[in-house]
Each structure stands twice: as C-alpha cells, then as structure tokens.
Amino acid sequence: MNRRRPDGIDPVARSRARRRALQAVYAWQMSGSSAREVIAQFAHEQAKEQADLEYFEDLVRGVEANVEALDDALKPFLDRDIEQVDAIERAALRIAAYELRMRPDVPYRVVINEAIETVKRFGAEHGHTYVNGVLDHAAAQWRAPEVKAPRPR
C-alpha cells in the first residue's frame, strides 16, 4: 500500500521522523553533544523504522542552528523561562517553532498536531495541553494568513 501523497511525502515516515527528532533534540539538550553526534546515534534506528531520515536531520540540525532565535520567538508565548519548561515539552516546542517559522511547506495544523501527539507519547501527563496552548498562540502570530484562511471543506 502506497502512503505517499502526490507531492512524494510519506506522512507516516514524517511522523516517525518527528518522534525521533523529539528524542534526538531531548538528548542534545541533556547531553550537550552536537546535533551531528546525536543524529549519528539515532541514524541506525531511523533506518530500521523507515522514517524520513532527511526530514529528521533537517529538524535536529535546524533546532541546533537556530535555538537562540527559536527560544526568543517562543518567549512571548511562554509563562516561564524556556529553560524552566520540561525538557520533553521544550524539545517539542523548539521543533514545532522551527517548523512553523522555517518550513512554510508544512501546514501549521500538522505541526501543532504532531507536537501534541509526540508530547502525549513521551511527555508528562498534561504536557500536551501546555504545548498546544503555546503553539496555538505562536501559529496565530507567525502564520496569521494561514490560520485565518477558511478551512477547505
């Protein structure tokens, strides 16, 4: 069964890439290793799980390269300093902020939904509600035309 969309993207492989990216960004935050080192650690698992390796690497490298700008952009939507946010939630917020700001090809609803689902899977019991609130507000500002556009029926 072919899951690929007409644009060639496999949504299931992208979801797997985001789950792995969350784990990799979490590891990067906790270890202080470089994104390159963390990617190398996760590459073997990526291959086994048939995730979108290119997208995984883009997310991890993108967060590392833009972490200060992403944290600054998230600041108005947070109720505490980014470093005080739970590490899993912080990783999810950074990845989603990267996608919302640097990957306009990915619909904002997909970004938010994927962030919520990964935090439900790996985070604290109610962490996904915090992530949802932050990203709803961020998307409304960063992707205003897309958010305000009528939904296709």
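Here, a contact means heavy atoms within 4.5 Å. With that in hand, aspartate 71 touches Ile82 and Arg94, leaving aside residues up to four places away in sequence. Keep in mind that this is a predicted model.

**Aspartate 71**
- You'll find aspartate 71 in helix 3, which covers residues 53-74.
- Aspartate 71 has a relative accessible area of 12%, so it counts as buried, the cut-off being under 20%.

**Helix 4 with helix 6**
- Helix 4 covers residues 87-102, and its axis comes within 10 Å of the axis of helix 6, with a crossing angle of roughly 20 degrees.
- On the helix 4 side, the contact is made by Glu89, Leu93, Ala96, Ala97, Leu100 and Arg101.
- On the helix 6 side, Gly127, Tyr130, Val131, Val134, Leu135, Ala139 and Trp142 take part.
- Sorted by class, the contact of helix 4 with helix 6 has ten nonpolar residues, one polar and two charged.
- As for handedness, helix 4 and helix 6 make a right-handed crossing.

**Threonine 129**
- Threonine 129 sits in helix 6, which spans residues 127-142.
- With a relative accessible area of 48%, threonine 129 is partly exposed.
- A polar atom of the threonine 129 side chain lies 2.6 Å from the backbone oxygen of histidine 126.
- Along the sequence, threonine 129 and aspartate 86 are 43 residues apart, while in space they are 13 Å apart, C-alpha to C-alpha.

**Helix 1 with helix 5**
- The axes of helix 1 (residues 11-31) and helix 5 (residues 108-122) come within 10 Å and cross at roughly 55 degrees.
- Helix 1 and helix 5 are therefore oblique to each other.
- Their crossing, helix 1 over helix 5, is right-handed.
- From helix 1, the residues Ser15, Arg18, Arg19, Leu22 and Gln23 meet Val110, Glu114, Thr118, Arg121 and Phe122 of helix 5.
- In this contact of helix 1 with helix 5 there are three nonpolar residues, three polar and four charged.

How values were computed: Residues numbered from 1 in each chain as written. Predicted model: local features only at pLDDT ≥ 70, side-chain atom pairs only at ≥ 80, totals over all residues. Heavy atoms only, no water. Helix = DSSP H or I, 4+ residues; strand = E, 2+ residues; numbered from the N terminus. Buried < 20%, exposed > 50% of the residue type's maximum accessible area, 1.4 Å probe, protein only. Polar contact = N/O pair within 3.5 Å; in protein donor to acceptor, adjacent residues only side chain to side chain. Axes fitted to C-alpha atoms, helices over the stretch in contact; angles between N-to-C directions. Parallel < 35°, antiparallel > 145°, perpendicular 65-115°, else oblique. Left-handed = near helix turned anticlockwise from the far one by under 90°. Nonpolar A, V, L, I, M, F, W, Y, C, P; charged D, E, K, R; others polar.
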